[in-house]
Each structure stands twice: as structure tokens, then as C-alpha cells.
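Biologist: I am new to this structure and would like to learn how to read it. Could you take me through a few features, one at a time?

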Amino acid sequence: MNLTIENILLVGSLLLLISILAGKTSYKFGVPTLLLFLGIGMLAGSDGIGGIHFDNPRLAQFIGVVSLNFILFSGGLDTNWKAIKPVIKEGIALSTLGVLLTAVSLGTFVYYVTDFTIYESLLLGSIVSSTDAAAVFSILRSKSLALKNNLRPTLELESGSNDPMAYVLTIAFLTLVINQDQSFLSIIPLFLQQMILGGLAGFGFGILSKLIINKVKLDFEGLYPVLVIALMFITFSATDFVGGNGFLAIYICAVYLGNQDLIHKKTILKMFDGLAWLMQIVLFLTLGLLVFPSQIIPYMGIGLLISLFLIVVARPIGVFISLMFFKMKLRRRFYISWVGLRGAVPIVFATYPLLAGVEKANMMFNIVFFISVTSIIIQGTTLSVVAKWLNVALPEEDKKLSTADQLMAENPKAEMKEMIITSDCSAVDKKIVELGFPKNAIIAMIKRDNTYITPNGSTKIEADDVLIVLADRPAIFDDVYKTLKA
């Protein structure tokens, strides 16, 4: 096949389509969607049936950084400050001290079981030290896993905010591997600079972005998400330019914006949710293409050993020590330890040694890839089961009711009423989109035959349904009654 723009678009769109369709059914068999995307990329690669030769770590790193911008920013926008505020200290402890302890303990183990130098071992430990935001966000949300006692906000806060720490450690130990004459203490100023400037830039750009979004009057609603994308990349690149951590900056900026009143906020959130999924697919497909399965096979033994140590020892060490100052039940600590999913981020970070020309970079890359795959297989497929074993999952009925509580939390001034649909109501057998429902009211849930349904526009109303309706003010319910003729 001749490499033309048309052929690239054809192959790319086919891979994207196959990934989406395959992902639709993957959870019926308990397979995480992200692993499927990775597998499709590997099958399409030069060692697979597709025969596509892709061996460009620089391009893969560029795609990875761009994708992580969207994934972290989308995760930040969806973060509810009221939900994470009670667990902010635990989240920060996990995303800083927890990551450091994981990197050091795993690096020490790697030093004793391989022929890596101590700095090379710590570099490998740093690369896989953070939980992957794409993996945690997508698996928790796609499984609709409801957890007790602010456990889910803790996990999402950690996964969204710990990549910057892992990035700093990766760059720091990579510097020591390249310049072995430098002392360990020389990386401390780099760490402080990255985290302090990144945090300040994130808040600063968040405030500036809010002003720009609300003050600039654009003629088309669809331009507002484009404006936010521009602000996102400016935040990342400007922070990186002054020596700060761009990943930390965009996450803090997104959390700030997600909890502010913005023009066309719903449009922006929906757009970024779709873009985040697109970037996850593109990222995993790209990394699947980049890896050569035939090169991984020689490292499967040592890779499995390191991966098991990370899951069973290094991750729990990081979690238990970083949370030792907080009151938390033992089973919650065990579950946080188990949700230490590694995904695309470590593989992206593993391209840095490749581009720096480190002698054992190829071996590191293949080990990191194997660790990520085994983490998604072992941990990603068992999140629900382990949650039930440890008794940290909400019962099904509480899980449904918590959806309404969440909607109320998003709009504290909203009123909520239950409305019974009788057989003589004109709404019976009509789709919600056909009702002409008042704009200031929504049907949050439908109780039908002792089960709760989260409706959408195509959901049909049936006799004896109980509608849980939210409205901006009590007077709106009069219009709702007229619409339903209840």
C-alpha cells in the first residue's frame, strides 16, 4: 500500500471504528476497553496482521503528551470540588509521598533483581510510579462503580494529580542516568521548581481562563470548546516554558474551571468528554503500534516479577505509609492499594529514555509496557469484585439514589419532586424528547418496577412510572404538571 494522506486516513478511521465497536461489547467479557484499544494497535502493527510499521518514539511521545492534556483536563473539569474537598489531604499525600515511596521501593527491588544501576532502577520505578488517569477514569466511570465514604473522589483525585509527580521523578532520574557525576541532592531544586511553578500557574491560568471565557462574546456556541482547547494548550506550554510542571498546571486549571459558572459550560463539558475518549483511543492505538510483541517476549519473566512486586508490595507501601496520618479503615486502604492501575502514562514516560539515548532504554520500554498490560488485566478486571470483597461498594439501591443526590449537589438551589404517571396521562408511551419539557426542569431518574432508570431523550414514559424531577424553583413544577397532565 502506498503511503498517502488518503490511505493514512482510511487506516486510521478503520482502526478507530473497530476500537469503538469492539469496546462496546468488551465489558460483557470483563475486558477493560483500554486494553482492547492497545491490543488492536498491536494487531495492526508490524508484528501483527495489519503489518503497519511504526517505529517513531518522538511522534508517539508527541501524541502521548497531547492526549494526556485532553485526558487530564477533562478529568479536572469533571472533578467536583465539594466531593474532593473532604479528601484533599489524602489525595495530595497519595499523589506526592505515595508516588515517591512507590518509585523508591520498586526501584530498589529492580536494582537487586536486574543488572540495572541504582539510578536506572529508580528511573524505571519512577516511570511506573503513578496511577494512570485514563485507566482509572474510564474503568471506574464505565463500570459505574459506586463506592462508600468518599473513596471514589479520593481515587480520581489521586489519579488525576499524581502524573506530575511521576513526570518530575522520571525527568530527575533520567538526568542522573545521563549525568552520573551529579549528586542525588541536585534534583531537589528541580522538583521544587516544577511543583511550585506548576501549581501557581494552574491557579493563575484558571482565573484568567474564566475571565476570557465569560467576557469574550463569540457568535457561535461551538466556538467556546475551541476557545477552551486553546487556553488548555497555552496553560501547558507556557508553564513548561517557565520551568513549571505543565501537567499539574492544566489539571489544577481544569478543576478550577469545572467548579465555576461558565458560559455554555454543558457544551464545553460534553465536548471534552468526547475528546478525552478520542484521545484515549488514539493514545492506546499509537502505543500498541509502537511496541513490537516479539521484543517483549524475552522480558516477560522479569516483567511479570516486577509487575507483581509493584501490585503486591510497592503500591501498598506507598499507600499505607502516605495515609498513616489519616483516620481510615483498613479495608479502604487495601482497596486504594488495589486501584493502582498503570496504563498509557508509564508507556509515554518510557519514551523519554528512548529519545535520550539511554543504553538500556529499549529493555525499560518493553518491561514498562508489560507492567502496564498486566496491571490493566489483573487489577482493571477485578475492581468490582475486590470492592465487594472488601465491602466498600455501595448497594445497588443506594447507588441509584446517589445519582439524584449528585444532581442536587451540582445545583444546590434545585427543587426535587416525585411525580406518578397514571394511565390517563398524555405522556404515556411518549419519548421524553417529544414531551416539550420545560427548559428549567429535568427528569433525573425514573422509578419503574422497583428499579431506577437514568433516562435520556429516547426513553419512553410508561404508566405507573415515578418520575424524579428537578427544577430551578417550585413554580416550574406547575409547568411540568401541565406537560405531563398528571
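Biologist: Let's start with charged side chains: how many salt bridges does the structure hold?

Modeller: One thing to keep in mind is that this is a predicted model. The structure holds five salt bridges. To count as one, a side-chain nitrogen of Lys or Arg must be within 4 Å of a carboxyl oxygen of Asp or Glu. Take Lys360 and Asp115, whose closest N and O atoms are 3.7 Å apart.

Biologist: Which parts of the chain does the pair of Lys360 and Asp115 tie together?

Modeller: Lys360 sits in the loop between helix H18 (351-356) and helix H19 (361-380), while Asp115 is in the loop between H5 and helix H6 (118-127), so the bridge ties together parts that are 245 residues apart in sequence.

Biologist: Which salt bridges does Arg448 form?

Modeller: Arg448 meets Asp465 in a salt bridge with an N to O distance of 2.7 Å. This pair links distant parts of the chain, with Arg448 in strand S2 and Asp465 in the loop between S3 and S4, 17 residues apart. Both Arg448 and Asp465 are buried. Salt bridges can also share partners, and in that way Asp115, Glu120 and Lys360 are joined into one network. Arg448 forms a salt bridge with Glu462 too, where the closest N and O atoms are 3.5 Å apart. Strand S2 covers residues 441-448, and Glu462 is in the loop between strand S3 (451-453) and strand S4 (466-471), so this pair ties together parts that are 14 residues apart in sequence. Glu462 is partly exposed, at 36% relative accessible area.

Biologist: Now to the rings. How many aromatic pairs does the structure hold?

Modeller: The structure holds 11 aromatic pairs. To read one, look at the distance between ring centres and the angle between the planes, where over 60 degrees counts as edge-to-face. Phe70 and Phe233 make an edge-to-face pair, 5.5 Å centre to centre with 80 degrees between the planes. Phe70 belongs to helix H3 (residues 57-77) and Phe233 to helix H11 (residues 223-241), so the pair ties together parts 163 residues apart in sequence. Phe70 is buried at 6% relative accessibility, whereas Phe233 is partly exposed at 29%.

Biologist: What are the distance and angle for Phe320 and Phe334?

Modeller: Their ring centres are 5.2 Å apart and their planes are at 70 degrees, so Phe320 and Phe334 are edge-to-face. Phe320 is in helix H15 and Phe334 in helix H16 (residues 330-338), 14 residues apart. Phe320 is partly exposed, at 25% relative accessible area, and Phe334 is partly exposed at 42%. Elsewhere, ring pairs link Tyr167, Phe236, Phe247, Phe349 and Tyr352 into a cluster.

Biologist: Last, the surface: which residues form a nonpolar patch there?

Modeller: Leu97, Leu100, Val104, Ile317, Ile321, Met324 and Phe325 form the patch, with about 600 Å² of accessible area together. Two elements give two or more residues to the patch: helix H5 (88-113) and helix H15 (300-322). H5 contributes the largest share, three residues. Val104 lies in helix H5, and Val104 is partly exposed with a relative accessible area of 37%.

How values were computed:
Residues are numbered from 1 along each chain as its sequence is written. Side-chain values use heavy atoms; hydrogens and water are left out. Patches are made of residues with over 30% relative accessible area and no salt bridge: like charges are joined within 9 Å, nonpolar side chains (Val, Leu, Ile, Met, Phe, Trp, Tyr) within 5 Å. Accessible areas come from the Shrake-Rupley method with a 1.4 Å probe; for residues, only the protein chains shown count as cover. Helices (H or I, at least four residues) and strands (E, at least two) are DSSP runs, numbered from the N terminus. Buried means under 20% relative accessible area, exposed over 50%, partly exposed in between (1.4 Å probe, protein chains only). Rings of Phe, Tyr and Trp (its six-membered ring) pair if their centres lie within 6.5 Å; planes under 30 degrees apart count as stacked, over 60 as edge-to-face and the rest as tilted.
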